[in-house]
Amino acid sequence: MIYSTQIENMCPVAQGACHGPAPIPEEGNWVKAKEIKDISGLTHGIGWCAPQQGCCKLTLNVKDGVIEEALVETIGCSGMTHSAAMASEILPGKTILEALNTDLVCDAINVAMRELFLQIVYGRTQTAFSEGGLPVGAGLDDLGKGDRSMVGTMYSTKAKGPRWLEMTEGYVTKLALDKNDEIIGYTYVNLGKMMDAIKDGVDANKALEGASGKYGRFDEGVKFIDPRKE
């Protein structure tokens, strides 16, 4: 350590108030974090690219400072999906400090990592008060059955009104309208369930039927339209 002459000539004065870091909540415990290995928790966060043409939802499950599980979901430009694929290989096994200073390919993913780092090291996680936190694998619960991202895709024009295309339940196939031409329900296909059934040898038409459902007051509709064609 090199000290300036001015510092060398100073007399030492004891530091009286030195109580260490304030404790933060981590997986049901109050922890005084001094090193990266002191950090644990599962949380989610959003990042966006500089031109704001896409975003990333990142879920990390951190145990003793190391990323044990990562869920990378993106929406935006086509290249983001390939970036997410690479980030999924990069993140697990790294400490959160390493991950913060690693190029995660896409700007949106890098920003999401920055935001999650801030949440995690300050104890603002989903598991802050959950004893033992969540097991590795809990990130998949965000996807629900069929292991597909929860995506909402809606399109609307002043001239023709809204078209609901994708809901959390799945791909929207029909919209039900009331006498005022307002949407009151819809039918959908859970594409994850359908593909799983087809892979298991179920006939495609039966798989489609088994993965279909309806929501809202669909049966009360007086008009039914295909949101992509009508």
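**Entry 1: Gln 119**

I opened with Gln 119, which is partly exposed at a relative accessible area of 23%. My scale, with a 1.4 Å probe and protein chains only, calls a residue buried under 20% relative accessible area, exposed over 50%, and partly exposed in between. Before going on, I noted that this is a predicted model, where local features need pLDDT of at least 70 and side-chain atom pairs count only at pLDDT 80 or more, while totals for chains, interfaces and linings use all residues. Residues are numbered from 1 along each chain as its sequence is written, and side-chain values use heavy atoms, with hydrogens and water left out.

I found Gln 119 in helix H4. Helices (H or I, at least four residues) and strands (E, at least two) are DSSP runs, numbered from the N terminus. Next I listed the contacts of Gln 119, leaving aside neighbours within four places in sequence: Thr 43, His 44, Gly 45, Arg 124 and Thr 125. Contact here means heavy atoms within 4.5 Å. I also looked up Met 10, which is 109 residues from Gln 119 in sequence and 40 Å away in space, C-alpha to C-alpha.

**Entry 2: the nonpolar cores**

Staying with H4, I turned to the cores. I take a nonpolar core as a set of buried Ala, Val, Leu, Ile, Met, Phe, Trp, Tyr and Cys residues joined through side-chain atoms within 4.5 Å. The largest one has 24 residues, and those with the most contacts inside it are Leu 58, Leu 60, Leu 91, Ile 96, Ile 109 and Met 113. At least two residues of this core come from each of S4, S5, H2, helix H3 (96–100) and helix H4 (107–121). Which element gives the largest share of this core? I found that H4 does, with 7 residues.

Not counting residues up to four places away in sequence, Leu 60 touches Gly 41, Leu 42, Thr 43, Ile 67, Glu 69, Ala 70, Leu 91, Met 113, Leu 116 and Ile 120. There is also a second, separate core of 7 residues, including Met 167, Val 172, Leu 175 and Leu 177.

Trp 164 sits in strand S7 (residues 161–167) and is partly exposed, at 26% relative accessible area. Lys 37 is 127 residues from Trp 164 along the chain, and their C-alpha atoms are separated by 46 Å.

Lys 223, in strand S11 (residues 223–225), counts as partly exposed at 38% relative accessibility. Lys 223 touches Leu 175, Ala 176, Leu 177 and Asp 181, with residues up to four places away in sequence not counted. Lys 223 and Ala 176 are 47 residues apart in sequence, yet 5.9 Å apart in space, C-alpha to C-alpha.

**Entry 3: positive phi**

Asp 181, a partner of Lys 223, is not a glycine but has a positive phi of about 60°. I located Asp 181 in the loop between strand S8 (170–177) and strand S9 (183–189), partly exposed at 46% relative accessible area. Val 105 also has a positive phi, near 80°. Val 105 lies in the loop between H3 and H4 and is partly exposed at 36% relative accessibility.

**Entry 4: cysteines**

How many disulfides does the structure hold? I count 0, taking a disulfide as a pair of cysteine sulfur atoms within 2.5 Å. Cys 55 has its closest cysteine sulfur in Cys 56, but at 7.7 Å that is too far for a bond. For Cys 56 the closest cysteine sulfur is in Cys 106, and 7.1 Å is again too far. Cys 55 is partly exposed at 29%, whereas Cys 56 is buried at 0%.

**Entry 5: the largest pocket**

I finished with the largest pocket, which holds about 490 Å³ of space. The search used a 1 Å grid over the protein atoms alone: a pocket is an open set of points where a 1.4 Å probe fits, with protein on both sides within 12 Å along at least five of seven lines, and lining residues have an atom within 4 Å of a point. Of its 20 lining residues, Glu 73, Thr 74, Ile 75, Ser 149 and Val 151 are the closest to its centre. Strand S4 (55–63), strand S5 (66–75) and helix H2 (79–90) each supply at least two residues of the lining.

Notes. Points joined across faces, edges and corners; volume = space filled by probe spheres on them.
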